[in-house]
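Look at the sequence and the model together.

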Amino acid sequence: MSKSLRLALCVGTAVSVAALVAGCSSSSGGSPASSSAGAAPSSSAAAGSPAPLIVYSAQGYDAPVTKAFTQATGIPVKLVDDSTGPLLTKVAAEKNNPQWGLLWVDGDTAFAALDKQGQLLPYTPKAALTSVGQALVPTDHSYVPVSTTVMAALIYNSARTNSVPASYQDLLSSQYSGKVGMNDPSQSGPTYPFIAGLMNQLGGQSGGVAAGEDYLKKLKANGLHVFPTNGDTLHALETGQITYGLIQSSAAAGEVAKAPKNASFNAKAAYLPQSTLLPAVIGIDKAAPPPVRAEAKKFVEFVLSPAGQDAMLKGDPKGDSLFWPVVPGVNALSDLPSFPSAYQKIDPYFWGPLENQVNTFFDSTIK
Amino acid sequence: MTTVLPAAQPVSAQPPDGGALNRARLSLSRFRSGPWLLFWLLIVAILVLPIALFLLVAFSPRLLGQGAAWFTLQGFRDAFTGTLLRGTLNSLVVGVASAVVATAVGAGVAWCVLRTDVVGRRLWAGSMFALLLAPSYLIALGWERLLEPAGVLELLGIPATGLRQAFYGPLGVVIVLSVKGVPFAFLALSGALRGLGEEFEAAARVHGGGPSAAARVVLALLAPACWSAFAIVFAESVSDFGVAATLANDAHFPVATFTLYNAIDNFPVQFPVAAAVGWILMALAGLALLAQTRALRGRSYRVLGGRSRPARRLRLSRTAHLLTVGCLLGLVVVGLGIPSFGAVSASLIDGLGSLVGSHRLTLTNYSRVLHSPALRAPLQFSAELAVVTATVTAALGLVAARLLSSRGTRITGRVLDLLLLTAVALPGIVFAAGYIFTYNLPLTNRLGVHLYGTSTLLLLGYLATALPATSRVLLGSVSQVQESLREAGRVHGSGAFASWLRTVLPLLARPLVAAWVLTFAGTLLELPVSQLLYPPGRAPVSVGITKALANYDYGGGTAMEVLAILFALLVVAIVWVLFRLLTPAGWRRIGGTR
């Protein structure tokens with residue numbers, strides 16, 4: 001190695017190490033999270049203070065709920081608030097050494113898979129649930145539904161059309177040709193449950209996949225537009241690329257409530273039979289230290305309590321707070337219509353494992 | 001590795017106490033190897049291990065808890081079928097096309113700015129940096145706002161169907177990636193052009209060569225920078241995620257990075273498939289490196305020495321002037337004007353979601369965002385991390401570039417070259433997942449390393465994503481610095497460090513500042529690594545922006561975006577002003593845009 005190279009190496013490395021050490025010390029010093037999140041949560045519990053509960057959540061109202069929980073119980077929470085996709089990626093990547101204490105996202109198919117892998121701690125909360133809520137509870141109680149939305153709401157621009165379909169079959173008629181849009185199931189978490197629900201409705205567990213694929217092919221032949229996620233489908237609706245969009249009920253209700261209405265745009269929502277339940281679900285990490293598991297159970301109880309439900313309903317009133325409660329006596333926000341009478345619950349343990357197969361079909365044939 | 005003694009010491013002289021001196025020499029050589037060892041340890045920790053563990057999952061999912069098989073090739077079988085295969089082929093085509101276009105355009109811009117008297121030279125050079133600051137997804141979204149159905153063009157009564165059909169697909173993807181690649185090519189080539197001087201052209205002309213012969217000589221001498229530009233733009237293009245997730249995705253034009261992302265960002269999470277796509281991306285980068293190596297084999301391109309003189313500028317005719325300004329303006333409009341329009345218009349429209357109807361222009365989004373805790377603390381956190389990342393990356397990038405350009409360390413240099421180019425070709429999400437695999441292993445924790453979930457790991461992740469591109473940008477300039485410069489300083493009595501400070505640093509100061517600025521801007525709005533590695537409760541600004549956009553708050557999200565970019569521009573401006581104020585005139589003169 002030449003002298004100049006050695007010199008450059010010495011200088012560069014020295015500067016780098018100095019800056020890195022300075023950066024690390026300043027960044028970790030300024031962050032309580034950074035000093036303890038990587039370590040076992042039980043270590044801080046041993047020191048006397050409660051171990052922080054690490055919550056992975058994709059709910060729009062999670063920050064106020066966790067804050068209210070800490071106020072009510074004194075248990076500190078470290079919130080990792082992100083979309084469902086990145087959170088499930090983290091959970092999968094951490095499988096050898098899970099860092100999360102509690103996972104809270106929409107849809108129960110991922111939880112069914114985590115349950116099959118033995119990653120979830122079964123828990124039965126004390127709070128009673130409505131009949132819809134009870135239908136969503138798995139037989140082994142490996143996860144807890146705490147609210148529900150449905151897939152799909154049919155959102156449409158009533159300023160451009162008076163026709164509202166009465167069934168999914170109606171969408172195949174020429175009247176709706178080129179006017180309907182939906183999300184891509186490989187990018188939009190709520191959309192696979194919708195497709196699985198369609199398949200379940202059209203052919204049950206035995207013939208549903210084939211019947212559903214046939215239906216989607218016909219829908220595509222009738223000019224179906226596919227957009228990445230709820231937001232993109234709504235954008236297409238507002239810009240006139242489509243007149244009807246099939247999206248999650250909370251997104252549809254939020255759009256109806258907040259989008260400006262004028263002569264060219266007036267969003268309304270309808271629910272075609274059958275609406276498929278898409279619950280918000282909490283799962284507890286089975287590998288977490290016992291104190292953290294106990295805290296997670298308290299968190300579930302809090303979320304199902306009147307105070308927790310209130311925090312959920314107030315936390316994101318034009319977004320994720322537009323859910324239907326599954327706790328008796330708690331009312332949905334006024335921007336949400338009454339719960340669809342024609343609804344179904346799909347078995348996540350059956351339909352979950354088919355997700356990759358169905359998404360691959362959609363990717364190659366429908367998109 | 002060889003240990004070289006200082007030149008002043010007589011190597012053959014036998015001291016009276018040979019054993020003691022030998023022991024001392026041995027100790028000294030160990031001491032000298034320390035930084036070298038530290039450098040490679042850092043490279044292994046931030047690049048080799050995370051990448052290796054991620055890629056290992058393609059063969060052995062069970063090793064990291066990602067499947068039942070200890071050994072399988074199923075991930076590769078999946079990667080070579082259907083949409084995944086289509087994505088890879090599309091990436092290859094798009095990568096080559098955008099690398100060729102960006103290198104040609106970047107060379108043209110560098111030539112205009114450095115070798116002609118075109119008006120507004122500082123503006124054009126500055127616009128290259130501004131282009132670096134613009135995330136590729138912002139450029140793509142700006143175009144989409146313009147061309148989409150009921151978009152701006154159609155609202156203005158301009159039919160956009162034909163243009164939309166052409167742009168929503170490979171052509172649009174190549175255009176955006178080329179525009180995004182031009183600054184990389186410009187940086188690599190302008191550094192080389194600055195150091196080239198005029199003597200080689202003059203020599204060609206003196207020996208009877210015409211302008212074309214002189215141009216051939218110049219192009220031949222610029223070959224390392226050209227190949228460096230091609231390789232880096234190719235690798236950046238195939239690893240780009242911003243365009244892949246926006247324009248390409250909306251156009252249903254799959255590219256490899258997005259198929260990789262899809263494999264691990266959605267349920268069921270398929271790390272083995274993603275890792276197989278990672279191997280393919282790495283192979284693509286290897287092809288670029290191979291082409292570069294074969295093209296440059298056995299030649300020396302060291303032209304920057306004590307006798308180098310800045311070249312004279314070509315005086316453009318009136319027509320040529322107009323044409324040149326028109327072309328440069330077109331590039332700036334395509335790369336900056338349209339995306340800026342998209343972002344700014346989006347942030348100024350109340351209740352954005354559409355451009356139709358009576359949505360009025362308002363500053364409500366800015367007011368809301370400026371008073372929101374979702375902006376200030378995350379922006380400060382990101383800025384702190386970006387400053388540290390940029391500083392460390394500039395220093396390490398210099399070392400890496402020096403190592404790459406060194407002729408005496410061919411094997412280590414080539415290993416490092418392959419590693420860095422591989423890292424450029426892999427999308428950030430690969431690093432992020434690899435970091436989780438590496439630093440969240442029970443074994444790692446048992447060894448007392450608890451980095452996962454800390455700011456330190458996020459910082460290392462940023463460093464890993466920034467270092468490859470930065471070192472390659474610096475390579476063009478570093479490879480031109482002749483040893484004789486520093487040796488002349490030593491002959492005149494300076495110590496090793498002092499001679500480096502006096503002879504080499506002035507030549508590299510400008511590229512180093514450029515590298516710092518590039519890294520700072522890129523890190524400030526980095527998303528994939530931030531998303532998976534940020535410490536609980538301390539989200540960087542990019543995560544906040546994404547969250548706002550995901551919650552359909554387009555106005556708020558884009559307002560945050562615009563403010564973050566304005567902040568980055570402010571920092572960049574301050575850095576350049578400080579550079580002008582604090583550095584000696586000679587440092588700025590070398591290759592400066594006058």
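**A walk through the model**

α4(A) and α12(A) are roughly antiparallel to each other (angles over 145 degrees count as such). This is a predicted model: local features need pLDDT of at least 70, side-chain atom pairs count only at pLDDT 80 or more, and totals for chains, interfaces and linings use all residues. Residues are numbered from 1 along each chain as its sequence is written, with chains lettered from A and ligands numbered from 1 in the order in which they are written.

Start with that helix pair. Helix α4 of chain A spans residues 62–73, and helix α12 of chain A spans residues 306–315. Helices here are DSSP runs of H or I with at least four residues, strands are E runs of at least two, and both are numbered from the N terminus. The two axes come within 8 Å and cross at roughly 150 degrees. Axes are lines fitted to C-alpha atoms, for helices over the stretch in contact, and angles run from 0 to 180 degrees between N-to-C directions. The crossing of α4(A) and α12(A) is right-handed, meaning that the near helix is turned clockwise from the far one by less than a right angle.

Which residues of α4(A) and α12(A) meet? From α4(A) come Pro64(A), Val65(A), Ala68(A) and Ala72(A). From α12(A) come Ala307(A), Gly308(A), Ala311(A), Met312(A), Lys314(A) and Gly315(A). Contact requires C-beta atoms, placed from the backbone, within 7 Å. The residues of this contact divide into 7 nonpolar, 2 polar and 1 charged. Ala, Val, Leu, Ile, Met, Phe, Trp, Tyr, Cys and Pro count as nonpolar, Asp, Glu, Lys and Arg as charged, and the others, Gly among them, as polar.

Helix α3 (residues 82–115) of chain B packs with helix α4 (residues 121–133) of chain B at about 145 degrees, with axes 9 Å apart. α3(B) passes α4(B) in a left-handed crossing, where the turn is anticlockwise. Val109(B), Cys112(B) and Val113(B) meet Arg121(B), Trp124(B), Ala125(B) and Met128(B).

Now turn to strand β9 (residues 275–284) of chain A. Of its 10 residues, 10 are buried, that is, with 20 or more other C-beta atoms within 10 Å of their own C-beta atom, placed from the backbone. In a regular strand the side chains alternate between the two faces of the sheet. Both faces of β9(A) are covered. One side includes Leu277(A) and Val281(A); the other includes Leu278(A) and Ile282(A).

β9(A) pairs with several strands; pairing takes at least two DSSP bridges. β3 (residues 102–106) of chain A joins β9(A) antiparallel through 5 bridges, and Leu102(A) has Ile284(A) as its bridge partner. β4 (residues 143–157) of chain A is also antiparallel to β9(A), with 8 bridges. There, Thr148(A) stands opposite Pro279(A). β11 (residues 343–344) of chain A runs parallel to β9(A), with 2 bridges, and Ser275(A) faces Tyr343(A).

Finally, the backbone. Most residues other than glycine have a negative phi, and most peptide bonds are trans. A cis bond joins Met151(A) and Ala152(A), with omega about 0 degrees. Ala152(A) lies in β4 of chain A. Another cis bond joins Pro273(A) and Gln274(A), with omega about -5 degrees. Gln274(A) sits in the loop between β8 (267–270) and β9 of chain A. His141(A) has a positive phi, near 55 degrees.

Conventions. Two residues are in contact if their C-beta atoms, placed from the backbone, lie within 7 Å. Angles under 35 degrees count as roughly parallel, over 145 as roughly antiparallel, 65 to 115 as roughly perpendicular and the rest as oblique. A residue is buried if 20 or more other C-beta atoms lie within 10 Å of its own, exposed if 12 or fewer, and partly exposed in between; C-beta atoms are placed from the backbone.
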